[in-house]
Amino acid sequence: MILVLGGTSDSLEICSILNKKKDLSYKLSVTTSYGEDLAKKHAKDVVTGKLSKEDMITFIKQNNVNKIIDATHPYAVEVSKNAIECSNELNIEYLRYERNSLIDEINYNNKYIVSSIEEACEIAREKGKNIFIGTGSKNLPQIVDYIPDRNLIVRVLPTAEVITSCESLGLNADNIIAMKGPFSQGINEEFYKHYDVDVVVTKESGINGGFLEKVNACETLNIPVVIITRQKMDYPNVVNDIKELEHLL
């Protein structure tokens, strides 16, 4: 039995590969109901909800899991840490699938590479009044706290839970773009122009997350972009290519 830790489009692609291998059984773990809706289109056995380390150990034992495939978001480091510790303690295989970093491919000079939300907010405050937040909803409480005196335009998933969360932070219809990505460069440019954006804050999500399209739109319009890099993780076994992963299954 394989436990696939999901939360990315990559994890769904991995499930599609596993579906072709009739001799392999797997369960897909996701954290949100929205993730569950997407997952059920690819996987028959979906587990929904956040798993602590203790939850994960219990789940592994109850389901006779002998391999973990960690395809969580690059910024979901706590889940990855828990999975690595579980694999070590229970002596089962751990395999991390991680999107390649695209930082080195960006030649745009008007970019600022930072390692934390706080650093990103400090630079964004200096660069303008209208700040486009393309990091998703998870870190919005921190961002709103760090930048209380600027006009934030946040692009988030169009779910009731997320929108309610935004509203609880004082954001309203003028601040919220509720749409599911990824978005083309052209759509990003139109958003930036429509909201008269002075600076964009984003994460280094990877090619499937529309990261380059956000940055390229900034370059076209000469808008500063602040990029929050991934936290460095010492994964014991990493694969960056989906075809290579398929050969390892």
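**Ground rules.** I number residues from 1 along each chain as its sequence is written, and side-chain values use heavy atoms, with hydrogens and water left out. Since the model is predicted, local features need pLDDT of at least 70 and side-chain atom pairs count only at pLDDT 80 or more, while totals for chains, interfaces and linings use all residues. I take helices (H or I, at least four residues) and strands (E, at least two) as DSSP runs, numbered from the N terminus.

**Helix 3.** I looked up burial in helix 3 (residues 53-62) and found Lys 53, Met 56, Ile 57, Phe 59 and Ile 60 buried. Buried means under 20% relative accessible area, exposed over 50%, partly exposed in between (1.4 Å probe, protein chains only). Seen down the helix 3 axis, the buried residues fall within an arc of 165 degrees, so they line one face; the arc is that of the directions from the helix axis to the C-beta atoms. On the other side of helix 3 I found Glu 54, Lys 61 and Gln 62 exposed. The cover over the buried residues includes strand 1 (2-5), strand 4 (67-70) and helix 4 (77-90). Asn 64, with a positive phi near 55 degrees, follows helix 3.

**Helix 9.** In helix 9 I list Phe 211, Lys 214, Val 215, Ala 217 and Cys 218 as buried. They cover an arc of only 155 degrees around the axis, which puts them on the same side of helix 9. They pack against several elements, including strand 7 (130-134), helix 8 and strand 11 (225-228). Asn 222 follows helix 9, and its phi is positive, near 55 degrees.

**Helix 8 and helix 9.** I then checked the axes of helix 8 (residues 185-194) and helix 9 (residues 211-221), which come within 8 Å and cross at roughly 55 degrees. Axes are lines fitted to C-alpha atoms, for helices over the stretch in contact, and angles run from 0 to 180 degrees between N-to-C directions. The contact (heavy atoms within 4.5 Å) involves, among others, Gln 185, Asn 188 and Tyr 192 of helix 8 and Glu 213, Ala 217 and Leu 221 of helix 9.

**Ser 115.** I placed Ser 115 in the loop between strand 6 (111-114) and helix 5 (117-127). Ser 115 is exposed, with a relative accessible area of 54%. Leaving aside neighbours within four places in sequence, I find Ser 115 in contact with Ile 228 and Thr 229. The C-alpha atoms of Ser 115 and Lys 203 are separated by 9.8 Å, with the two residues 88 apart along the chain.
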